[in-house]
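This report covers the nonpolar cores and the salt bridges of one protein model. The structure is shown first.

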Amino acid sequence: SQPLKKIPETDAIFAQVHQFHRVVKEQAGVLRVSWDAKAPVKIGLFSRGGRSRVETAAWDHDFAPQTILTPFNLFLPEYDENFMYFTESKVTSDFMVDVLERTWPLLHERFHPEWLMIDGDNGPENHSHRTQFIKRMVDFAEAHHVNVRLIYYPPYHSKYNPVERIWAALEHHWNGALLDSVETVLRFAQSLSWKGKQPVVTLVSGIYRKGIKLAKKAMTVYEQRIKRLPGLERWFVDIPACPV
C-alpha cells in the first residue's frame, strides 16, 4: 500500500493559526468565535450506546426517526460561552450566517469588536471558495461595520478547533439517554455545564436549501472585496468592514 501523502502546507497553516490566536489574547478589539455543526441526532426511542444510571428500554433497530436535529454551536473560547442552535434543516451557508446574525446583537453590545475572528473547518458549506458563504460573510461585515477574519483548520487538525471540546462534553452529558423528543434534546443541551456556564440554546425553524451559489461574474465582484493570505489563500481570508 502507498504511504499517506503529506500535505506540504499543513505545518505552515497550523503555525499561522496559532499565531493569529496569540494575537487575539494580546490585541484589544478582537473577538474570537469557534463554530461548527455536530453530527445529526435521530429523535426517537433509539439505543445510542453508552450507559445511564436510569434503566431504560430502547429500540435496537434503526426505525424511522420522528425527526432529525443537527446541533450547531458558536463558542467563545476566551469566555467559555456557548450559543447552541438546533435545526431540523440542513446546515447550509445561509443557516450559518443567519445564526451569526441572530447572535451578533448580543456580541456587539457586550464586546464592540473591531475584528471578528472565526475558527472553522473547511467544510462544504463554509469553505473559503463557497460562493454563497463568502457573499453572505461579506454582506455581514459591511452591514455591521466589523472586520472579519476567517481561519480554517488544515486537514486532520479540526480536532483542535475549540468547539469540538463542547461536542465531546455534550455527548458525555447525554450518554446513554433516550433522546425521544425535540424537547428532551433541548433540555439536555440547556443543562450542559461548561466551566460552570450553561449554553444559550435556540431551536431554529424553517428549511434551508442546499446548493445555492453565485454566478462566476457575481463572485468576481465579491472576490475583489476580500483579502486572502498570500500562499495560504484557502485557509485565511480577511473581509474588511468597508469595501476595498
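A residue counts as buried under 20% relative accessible area, as exposed over 50%, and as partly exposed in between. The model is predicted. Lysine 135 has 23% relative accessibility, so this residue is partly exposed. Aspartate 139, at 27%, is also partly exposed. The two side chains form a salt bridge, 2.9 Å from N to O. Both sit in helix 3, four residues apart, which means about one helical turn lies between them.

**Salt bridges**

The structure has 14 salt bridges, including those in the table.

| Glutamate 81 | Arginine 110 | 2.6 Å |

Glutamate 125 belongs to the loop between strand 5 and helix 3, and lysine 210 to the loop between strand 7 and helix 6, so their bridge ties together parts 85 residues apart in sequence. Glutamate 125 is buried at 9% relative accessible area, whereas lysine 210 is partly exposed at 45%.

Glutamate 81 forms a salt bridge with arginine 110. This pair joins strand 4 to helix 2 across 29 residues. Glutamate 81 is buried at 17% relative accessibility, and arginine 110 is partly exposed at 39%.

**Nonpolar cores**

The largest nonpolar core contains 49 residues, and Leu116, Met137, Val148 and Leu150 have the most contacts inside it. Helix 2 (residues 93-111) supplies the largest share of this core, eight residues. A second, separate core has 21 residues, among them Phe75, Trp174, Val182 and Val201.

Beyond its neighbours within four places in sequence, methionine 137 contacts Trp35, Val97, Leu100, Ile118, Val148, Leu150 and Ile239.

Technical notes
Residues are numbered from 1 along each chain as its sequence is written. This is a predicted model: local features need pLDDT of at least 70, side-chain atom pairs count only at pLDDT 80 or more; totals for chains, interfaces and linings use all residues. Side-chain values use heavy atoms; hydrogens and water are left out. A nonpolar core is a set of buried Ala, Val, Leu, Ile, Met, Phe, Trp, Tyr and Cys residues joined through side-chain atoms within 4.5 Å. Buried means under 20% relative accessible area, exposed over 50%, partly exposed in between (1.4 Å probe, protein chains only). Helices (H or I, at least four residues) and strands (E, at least two) are DSSP runs, numbered from the N terminus. Contact means heavy atoms within 4.5 Å. A salt bridge is a side-chain nitrogen of Lys or Arg within 4 Å of a carboxyl oxygen of Asp or Glu.
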